[in-house]
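Me: I'm new to this one and would like to walk through it slowly. Can we put it on the screen before we start?

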Amino acid sequence: MSTNTRTEKEKMIAGEMYNAFTPELLQERAKCREMVFDYNLTRPTDGKKRGEIIKKLFGQFGSNSVIETPFQCDYGYNIHWGENSFANYNFVVLDTCPVYVGNYVLIGPDVKLYAATHPIDPQERLDGLEYGKPIRIGNNVWIGGGSIIVAGATIGDNSVIGAGSVVVKDIPANVVAVGNPCKVIKKLESPTRPPKEFQQMTGFDYEKLKEK
């Protein structure tokens, strides 16, 4: 299919320049906001209801994963979330392009994943165009609180991003990286033991609490 015959949604997901204010995309963002609103109003003990909402909202949501409230995203269906992964309070994902989060990922409070971006050219901005690039976060990554991951960035397996960092370029696997812009400061050894289940890591079962 040529670029000229693609819908604005198809251009958006492909990372091409697109118009975000077509009826289709406006409707999809409105639907997402309604679902996110419902998700953010759930009680901590409503694990089942939270799971039902997030699985309908996301393109993929792995087992034993948790996203604390409040949470916000643009579309939801572009987010592909692994198993046993956790995001803390005030997590924001601008998912105009696909966002991939691996297994056993830990995301601190106030972290932002910005797969959306805008043209540098001022005329293109006035023309109402924007675009995005995918974000990829590997397995067993820890992203410290207040960090920002920008469009097009990849973080390799087992790496740690220091609190308050701004990741503007790819970060390799098995490193500690910090700062603005985020840079590697230390290399890490790969894990040698298999992971524990998420329930064992938290030691807390909301469903059992609710039963009491």
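Predicted model: local features only at pLDDT ≥ 70, side-chain atom pairs only at ≥ 80, totals over all residues.

Me: Okay, which residues touch the most other members in the largest nonpolar core?
Reply: The largest nonpolar core has 38 residues, and those that touch the most other members are Ile67, Phe71, Trp81, Phe91 and Leu113.

Me: What does the second core include?
Reply: The second core is separate and has 5 residues, among them Met12, Tyr18, Leu25 and Tyr75.

Me: Changing topic, how many salt bridges are there in the whole structure?
Reply: A search of the whole structure finds 4 salt bridges, and one of them pairs Glu16 with Arg6, where the closest N and O atoms are 2.4 Å apart.

Me: Why does that pair tie together parts of the chain?
Reply: Arg6 sits in the segment before helix H1 (8-14), while Glu16 is in the loop between H1 and strand E1 (18-19), so the bridge ties together parts that are 10 residues apart in sequence.

Me: Are those two buried, exposed or in between?
Reply: Glu16 is partly exposed at a relative accessible area of 22%, and Arg6 is also counted as partly exposed, at 26%.

Me: What about Lys11, what does it pair with?
Reply: Lys11 forms a salt bridge with Glu8, with 3.1 Å between the closest N and O atoms. Both residues belong to helix H1 and are 3 residues apart, which is about one turn of the helix. Lys11 counts as buried because its relative accessibility is 15%, under the 20% cut-off, and Glu8 is buried too, at 18%.

Me: And which residue does Lys9 bridge to?
Reply: Lys9 forms a salt bridge with Glu28, the closest N and O atoms being 2.9 Å apart. This pair links distant parts of the chain, since Lys9 is in helix H1 and Glu28 is in helix H2, 19 residues apart. Glu28 is buried, with a relative accessible area of 19%.

Terms used
Residues numbered from 1 in each chain as written. Heavy atoms only, no water. Core = buried A, V, L, I, M, F, W, Y, C linked by side-chain atoms within 4.5 Å. Buried < 20%, exposed > 50% of the residue type's maximum accessible area, 1.4 Å probe, protein only. Salt bridge = Lys/Arg side-chain N within 4 Å of Asp/Glu carboxyl O. Helix = DSSP H or I, 4+ residues; strand = E, 2+ residues; numbered from the N terminus.
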